[in-house]
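Here are a few friendly notes to read alongside the model. Keep the structure open and try to find each place as you go.

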Amino acid sequence: MSTTTTITYDDRSVRRFMIASLCWGIIGMLVGVLAATQLSWWQMNGKFLETLTFGLFKADGLSYITFGRIRPLHTNAVIFAFVGNMAFAGIYYSTQRLCKVRTASDWLSGIHFWGWQAIILGAALSLPAGLTRGKEYAELIWPLNIAVVVIWVVFGVNFFWTLARRNERALYVSIWFYIATIVTIAMLYIVNHLSIPTSWVHSYPIFGGVQDGLVQWWYGHNAVAFFLTTPILGIMYYFIPKAADRPVYSYRLSIIHFWALVFIYIWAGPHHLLNTALPKWLQYLGMLFSLMLWAPSWAGMLNGLLTLRGAWDKLRTDPILKFFAAAVTFYGMATFEGPLLSIRAVNALSHYTDWTIGHVHSAALGWNGFMAAGMFYWLAPRLWNTKLWSKSLANMHFWIGLVGILLYVAAMWAAGIMQGLMLSETNPGGATLKYEFLETLQQIKIFYIFRSFGGALYLLGFLMCAVNIFMTARSGKASDVSVEVVVLNQDQKDNMRLGETFKSDPVTHIILALAFMILWIFLPAHADKAAFAVAVILVIRAVKLFKKNGTQWSDFFDRLIENYLPFTVLIFLAAAIGGAVQIIPSLLVNKAVNVEDRMQVVYTPLELCGRDLYVSEGCYNCHSQMIRTLVPDVMRYGPTENQGYSRLGESLFDHPYQWGSKRTGPDLAREGGAIAKDSKVLRIGKRDNLWHFNHFMNPRQTSPGSNMPPYPWLFDTKADLKELPKKIAVQTQLGVPWPAMTGDAIEQSARDQGMELAESLVKAGAYLPQKPNLSHDELRNQLADSKVVAMIAYIQKLGAYQEVEKPTSKEGRPLDPDSYRRLSSPSPKVEAK
């Protein structure tokens with residue numbers, strides 16, 4: 001006999017997360033609009049305050065609102081604060097109802113909410129202060145990273161505890177996506193944020209060079225997949241059927257969508273590093289799996305849109321369905337464009353340009369933002385037991401937001417394609433490039449203005465949303481829903497053992513086929529063909545077994561979704577396999593024996609200090625340090641002394657790597673010393689020290705038309721040389737071959753180099769406008785330990801390398817490292833010339 005009980009859902013947590021999402025979202029979008037205007041008008045970096053205060057407040061720039069510092073604030077606020085809180089609201093609401101049980105622990109829910117907001121507040125304070133790890137979407141300092149992991153574990157424990165207490169036998173498709181999010185984000189976040197601290201606010205990632213780049217985009221790409229996509233897909237599968245009052249179009253299609261997406265997505269990260277020093281086999285692997293993503297992504301899009309069949313007439317009057325339909329459409333557009341941009345030939349044009357920015361924002365604004373708005377409008381009347389305050393205002397929000405998105409994305413497409421084509425165009429004869437970098441920037445400024453306007457419209461739409469939700473809440477009363485449910489006995493759920501899971505035909509064949517496909521990638525000639533043949537045989541056998549006894553396979557899956565633990569383990573394996581195949585070989589490739597024909601010269605203590613300042617100021621947001629294997633890149637940045645494209649060994653000791661993903665300014669990989677011997681740079685950089693001094697003081701003095709902000713605080717503040725011994729000790733732990741030096745020797749080395757560089761600046765005519773009467777010695781002494789001198793020292797070191805012998809085959813033929821099939825195989829010894 002079944003027993004029933006009355007439960008009251010925890011909707012208080014849902015309301016909290018929804019309100020937090022709206023508040024942080026508006027802040028994040030406001031910061032985004034400010035960042036967008038800074039690219040059109042450099043005065044928006046702080047100079048505008050002088051105008052607003054009629055000259056009472058003198059400011060050539062404020063360090064904490066420059067583009068390099070607030071761009072990470074914008075991305076983190078939108079991703080983790082806006083979308084993160086929105087996802088938590090949707091997960092807490094839907095999971096309770098799909099499991100027919102209250103969230104397991106109100107206490108854990110409270111810790112999750114307040115802990116997450118505290119982390120966001122910490123990011124909002126630390127990022128503008130220049131406290132960053134220098135890796136996109138992974139900028140938070142190590143204490144905040146530990147807090148993220150702790151709060152994520154709290155969330156996971158509460159979620160899985162709720163699943164264990166559920167009163168519903170089978171797990172609905174939304175729950176699958178939530179499980180994938182929790183498990184995979186934990187794996188990605190922990191691996192990419194492994195660091196060794198040098199202080200409470202600074203650390204170095206344990207990975208460096210190409211290895212760091214690969215791990216970063218394994219994380220960065222899949223943070224988009226498993227934080228901005230999978231939880232929102234789970235929300236889509238719950239809220240669209242509810243809003244349309246229609247069942248999901250195809251349950252079978254949702255199964256294909258889920259498993260294909262979880263398995264394929266994790267392999268696609270290397271497409272962010274196409275045409276770089278990354279080994280070609282990894283580039284092609286990322287491109288192949290990115291193209292494969294078309295199928296599952298569009299399966300999900302079609303499943304979402306076709307769920308609205310029979311309800312299309314409601315779109316004319318129902319703003320909620322408008323938002324949901326547009327969001328799924330943008331998801332389809334973004335997941336078509338993403339694989340397109342992963343094709344190496346297309347990526348050669350799009351990468352480092354605003355086309356990528358347009359692609360990212362079509363997904364973030366259209367997919368995430370509109371799904372959030374639709375969910376908020378659907379939830380608010382139910383959470384406050386009333387009607388939506390104004391459908392007209394919600395409709396107005398939709399149209400203003402849609403116009404804003406289209407303006408933004410179209411402007412970025414136009415700017416990116418135009419700049420990419422201009423940067424590649426040559427003069428008649430093809431020997432020289434036609435346009436300088438600044439000329440291309442001038443041509444696309446009008447599109448930057450359109451982008452700012454589009455972003456402002458989108459922000460206005462969400463301000464309308466906030467007003468609408470606030471008035472809805474005022475017109476009603478917060479209430480938690482109570483329902484009567486049938487209590488499910490323990491023997492009616494979660495009764496499949498892990499061993500039984502792996503002995504089943506589907507899982508056994510899939511694991512064995514994958515194992516032999518991976519062996520095919522890494523085994524030497526002939527053995528790889530045998531592995532591929534075995535994999536094909538296993539696939540054929542699996543298909544025959546399915547045709548012969550398909551009911552048994554479907555029965556297995558029906559049992560699997562009644563057991564959350566085996567289901568979770570299979571999800572983890574599906575995601576972990578792709579990461580292991582990419583990351584483990586990279587542990588071996590980033591060694592001194594795999595540097596192609598060049599090896600990076602280790603920085604001096606002062607240059608390391610300057611590099612940390614470069615990272616702190618967020619220069620990587622606008623400048624790359626990677627000359628791609630493309631003719632226009634080599635012609636523009638690497639022709640001197642036949643330097644060519646960037647080699648793997650030239651960033652061997654960089655923790656973190658600084659290859660970048662967007663060029664608002666030119667590439668800096670060869671900005672400094674070109675060649676070195678015995679760790680000494682033999683040639684000064686492309687420009688002298690005074691040029692860089694003036695460039696930091698006023699970029700338009702050296703580069704007319706530049707949109708780079710001035711950096712006056714670099715001249716007034718001292719570099720923190722006392723931290724250098726700790727930093728060098730950590731880098732030595734990480735394998736950087738620093739010479740043995742005492743702490744005092746390290747500091748003295750930095751001071752000596754700073755004094756030498758400052759002397760060269762004063763002799764060349766450098767001066768401080770705010771202190772024009774300083775004597776020669778006074779000016780030299782003030783500059784010697786300033787941040788600007790450390791920055792100049794670092795910039796002048798960029799591109800310094802030592803030549804080494806190229807690896808050769810057993811027959812003595814030179815090997816192209818891009819052709820290595822087995823990165824784990826022993827490599828020939830490399831000796832310096």
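The points below go from the whole protein down to two residues.

1. Please remember throughout that this is a predicted model.

2. Next, the secondary structure. The protein has 31 helices and eight strands. Its radius of gyration is 28 Å, close to the 28 Å from the globule rule for 833 residues, so the protein is as compact as a globular protein of that length. Along the principal axes, the C-alpha atoms fill a box of roughly 95 × 75 × 55 Å.

3. Of the 833 residues in the protein, 60% are buried. The accessible surface comes to about 33100 Å², and carbon and sulfur atoms hold 65% of that surface.

4. Among the contacts with a separation of 6 or more, 82% are between residues 24 or more positions apart.

5. Let us zoom in on R700. You can find R700 in helix α26, which spans residues 699–702. Is R700 buried or exposed? Its relative accessibility is 18%, and buried means under 20%, so R700 counts as buried. Leaving aside residues up to four places away in sequence, R700 touches W42, as well as G705, S706, N707, M708, P709 and P710. For a sense of distance, S661 is 39 residues from R700 along the chain, and their C-alpha atoms are separated by 24 Å.

6. Finally, visit T426, in the loop between α15 (391–424) and α16 (437–443). At 31% relative accessibility, T426 counts as partly exposed, because that class lies between under 20% for buried and over 50% for exposed. Which residues does T426 touch, not counting those up to four places away in sequence? They are T432, L433, K434 and M635. Take a second look at M635: it is 209 residues from T426 along the chain, yet the C-alpha atoms of T426 and M635 are separated by 9.8 Å.

Note on methods:
Residues numbered from 1 in each chain as written. Predicted model: local features only at pLDDT ≥ 70, side-chain atom pairs only at ≥ 80, totals over all residues. Heavy atoms only, no water. Helix = DSSP H or I, 4+ residues; strand = E, 2+ residues; numbered from the N terminus. Rg over C-alpha atoms; globule rule 2.2 N^0.38 Å. Buried < 20%, exposed > 50% of the residue type's maximum accessible area, 1.4 Å probe, protein only. Contact = heavy atoms within 4.5 Å. Areas by Shrake-Rupley, 256 points an atom, 1.4 Å probe, with all protein chains shown as cover.
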